[in-house]
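Hello,

Here is the structure I promised to pass on. Please open it alongside this note. My findings follow below.

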Amino acid sequence: SEALLLRHSGKNTKGPIDAYNLKDDEQPLSVALTAGALASDLLEKRKTSCEADGDVASIPTFEECQTVAGRVVGVVMRMRELEQALAA
């Protein structure tokens, strides 16, 4: 959801978030890197929140973080296709 908000708000300072609307100097890899950075930031916030609540059992493992980050990158890279599929 964070990627959608950044894409539509126009306030994205992290990097390109739309693989289908790149500027001349941007590459699809930059979108994947931005999506990965978003996922890492949000997972770190989740960890901090769990620690603050004393709920260390809910802190995602390394493997869970890798899985979530991979899925976020996959969705962001295919966002336009997924939007079209949902609209159909």
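Start at the end of helix α2: Gly54 follows it, with a positive phi near 75 degrees.

Keep in mind that this is a predicted model. The mean pLDDT of the protein is 85, and 84% of the residues reach at least 70. Confidence is highest in helix α3 (residues 62-77), at 92. It is lowest in α1, at a mean of 66. Where pLDDT is low, the predicted coordinates should not be read in detail.

Now α2 itself. Its 26 residues should span 38 Å at 1.5 Å a residue, and the end C-alpha atoms are 38 Å apart, so the two values agree. Several of its residues are buried, among them Val31, Ala32, Leu38, Leu43 and Cys50.

Next, the loop between α1 (2-9) and α2 (28-53), where Glu26 sits. Glu26 is buried but has no salt bridge. The nearest side chain of opposite charge is Lys23, 4.6 Å away. A salt bridge needs the nitrogen and the oxygen within 4 Å. Lys23 does meet Glu26 in another way: its backbone nitrogen is 3.0 Å from a polar atom of the Glu26 side chain.

So where is there a salt bridge? Between the side chains of Glu81 and Arg78, at 3.5 Å from N to O. The count comes to 1 salt bridge. Glu81 counts as partly exposed because its relative accessibility is 38%. Arg78 is partly exposed as well, at 42%.

Best wishes

Methods: Residues numbered from 1 in each chain as written. Predicted model: local features only at pLDDT ≥ 70, side-chain atom pairs only at ≥ 80, totals over all residues. Heavy atoms only, no water. Helix = DSSP H or I, 4+ residues; strand = E, 2+ residues; numbered from the N terminus. Buried < 20%, exposed > 50% of the residue type's maximum accessible area, 1.4 Å probe, protein only. Lys, Arg positive; Asp, Glu negative; His and termini not counted. Polar contact = N/O pair within 3.5 Å; in protein donor to acceptor, adjacent residues only side chain to side chain. Expected span 1.5 Å × (residues − 1). pLDDT = per-residue confidence, 0-100.
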